[in-house]
Amino acid sequence: MKPSLHAASRSRVFYLGADQGLLTDLSPLIEPKGLELTAVASPTDLVRLVRRTPPAVLLLDMAQLPGARALEDFVSALFKGISPCPAIICIAGKEPDDQTMERRLAVMRAGARSYVPRPVSAVRLARRVMRMCGLIDAERYRILVMESDQTQAELISSLLASAGMEALVLEDPMQVLEVMQGFRPNLVLMGLEMPSATGTEMTSIIRDQDEFFGIPILFLSAETDLDRQLQVLKAGGDGFIPTPIDSHQLIGSVEQRIRMSRWLQDRLVLVNRREIANGLLPRHVFMAHLDRTVAAGSRDHDGLGLLVIELDEPHQLRDALGLGGAEQLLRRLEARLSDAMTPEESATRLDDFRYALLARRNSKVRLEELARKLCRRLAELGVEESPGDETKAVKTAVSIGIGLFAPPAGDAITLVSRGEKAVAGARRAGGDQLRVWTPVVTPDGTPEAEALLTRLVKTALAQRGLLLLFQPLIPLESGELEVYEAQLRLRTLDGEQIPPADFLPVAKRSGLMPEVDRWVLERALEVLDDRCQQNPRLRLLIHQRLDTLTATDWLPWFRERINGRELSEPFPMIQLQMRDLRKNILKARPVMERLRDYGLQLSVANVGGTVEEVRLLARLGVTMARLSFRTIARTEQGQLVDIIERLREQGVSVVAAGIEDSDALTRVWSRRPDFVQGNYLGLPGSELSFDFGRLSNAF
């Protein structure tokens, strides 16, 4: 069985080389961070050790393997079947050729992540190792310590300094604002009781300052009374560090809170930032807001709608005005769009010549009146001229489609597709007008709706009308892989997208799920075949039903698809449901063994985390478990940590999904799953373009 995503120990660092001085200097720099440095005497010993426990990072002295070709062959054999491949840092040999750009390039092509020339700086090497192990460079952190017990305050300062942080002890809490202005701390540690003020009072004062509102505050206390803790947290505290102080817990809590705070502040900046002076939101921020609005399921949705606004004949306008003139015209369009909006409404630029406006009016009639008004006002853009404006007098017109919230859309992507379908109808009718979306089918459970949905699924299967969207699974530690979950949509011939909750139950009742599952798997194979050459870190997680995989003709079908495309690994990760496994364990075991033999890793969704479930997943060789929403939301914190650790002990990576807002992220953060996922972190999209590097650095 292949090692799982979680199998490479995040704390082990192997060194193959003979420089004892480097080992002596490096050990005290990384071991306080929880890393274990192991010296290996020979390549043979390294192979034996890696097979038993893969490291997170391998330090490889090139003197042990002269020549890049020898390195490439050695690395390929050493890490065969291990996923993800440990990070390799090569240390240059002592020959002149080892310092050349050609040698660097050859080493990188052989699979190394970093190449360190001589003489080797142990400090710089330690930073690279820690970064590749997912640890933050702690020397950037400034910690303000406010504690009445000066002995304890000095102890804390010493412990933080030993981890590379800068700590300042403040004896007089009445000077806190003045000191924070000058010191600019990343985090505040304070006691609950101080001579002149309480921790609660000081927290309220700090939180009242806009510039310090987002700085995390942790309390040093032996307080165990939950009501007392809650009172302090309501004042704006972020958590407690129990006393007496444990050094590992202190440093771990401080680093985690700062990383989380920086990322959340980044999200809040994005949410509140206006991309242009006219008041339009950045597209991704608007889409996240739209998704939350859809999820909220407002009862008063008659006057709630998404207006998709598209310039008619945009390319002719650009040819007539030139790029500069066209952008000036669009800026005027944006200004008029903003003028028509109420404070509760928002808009964005979808692409070059299309806009979206989330409108809230009293009724559907008022929505249509708004659309007509915009048609008139935006048609006048081309005849306005002002001093210094290069825009020529041209005729402009717009088509507007109104996407409605009823019946429930499920997500922002579906709602946008409704608006796009309506605007396409307005454009086909000649433009310069509006159209209101009407559903192809209302999934109300009637025989007529059931029959129509069945026909739509059959048509989609025959004419590639199904669509995969991709949502990222974001690692809380920097990882080697970029994992996306493939989510299915039904796309009608006129472009409308129907969410899976509306059509998959019908497909199941109609006996079409085996065909749907095979379409999903085949499409995933196409994507991986097309993308993995450019991005070997890419992995896709796809949903399949156990009944589909246990069909007698499934394995020959799958083998034919692989051979026909001459595909090699990686293959998609197959995700099954925990409920199906429990009910059909005798059918599941041989199927999952065959999947593993073919190199497919296995994931299971809606895991509750009971002891019996964990044992079952271990026996079946599962590599990833997605915790159920109920488990995440209702399990006590200590129990949830135990569940995650039990799964990890069996080599199973843990995913906490359903992260729809900052509160949900905060709730799961301290439990430290391997991955988090949700629309708050990244919406599903048709492109595999999520910036994992930015988020991993923030985390």
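**A tour of strands and helices**

Begin by selecting strand 19 (residues 538-543), which is mostly covered, with five of its six residues buried. The model on display is a predicted one.

Now move to helix 15 (residues 447-462) and helix 16 (residues 500-509), whose axes come within 9 Å and cross at roughly 90°. The two helices are therefore roughly perpendicular to each other. To display their contact, select Glu450, Leu453, Thr454 and Val457 on helix 15, together with Asp502, Phe503, Val506, Ala507 and Arg509 on helix 16. By class, this contact has five nonpolar, one polar and three charged residues.

The next stop is an open sheet of five strands, paired in parallel in the order 7-6-8-9-10. Strand 7 (166-169) and strand 10 (239-242) form its edges; each has a single partner strand, so one side of each lacks a neighbour in the sheet. From one strand to the next, the twist averages 25°.

Within this sheet, select strand 6 (residues 142-146), which runs parallel to strand 7 and is joined to it by four bridges. Leucine 144 lies opposite leucine 168 in strand 7.

Finally, show helix 6 (residues 150-162), which lies across strands 6, 7, 8 and 9 and runs at about 165° to strand 7. Helix 7 (residues 176-183) also packs on the sheet, touching strands 6, 7 and 8, and its direction makes about 165° with that of strand 6.

Note on methods. Residues are numbered from 1 along each chain as its sequence is written. This is a predicted model: local features need pLDDT of at least 70, side-chain atom pairs count only at pLDDT 80 or more; totals for chains, interfaces and linings use all residues. Side-chain values use heavy atoms; hydrogens and water are left out. Axes are lines fitted to C-alpha atoms, for helices over the stretch in contact, and angles run from 0 to 180 degrees between N-to-C directions. Angles under 35 degrees count as roughly parallel, over 145 as roughly antiparallel, 65 to 115 as roughly perpendicular and the rest as oblique. Contact means heavy atoms within 4.5 Å. Ala, Val, Leu, Ile, Met, Phe, Trp, Tyr, Cys and Pro count as nonpolar, Asp, Glu, Lys and Arg as charged, and the others, Gly among them, as polar. Buried means under 20% relative accessible area, exposed over 50%, partly exposed in between (1.4 Å probe, protein chains only). Two strands pair if DSSP finds at least two bridges between them.
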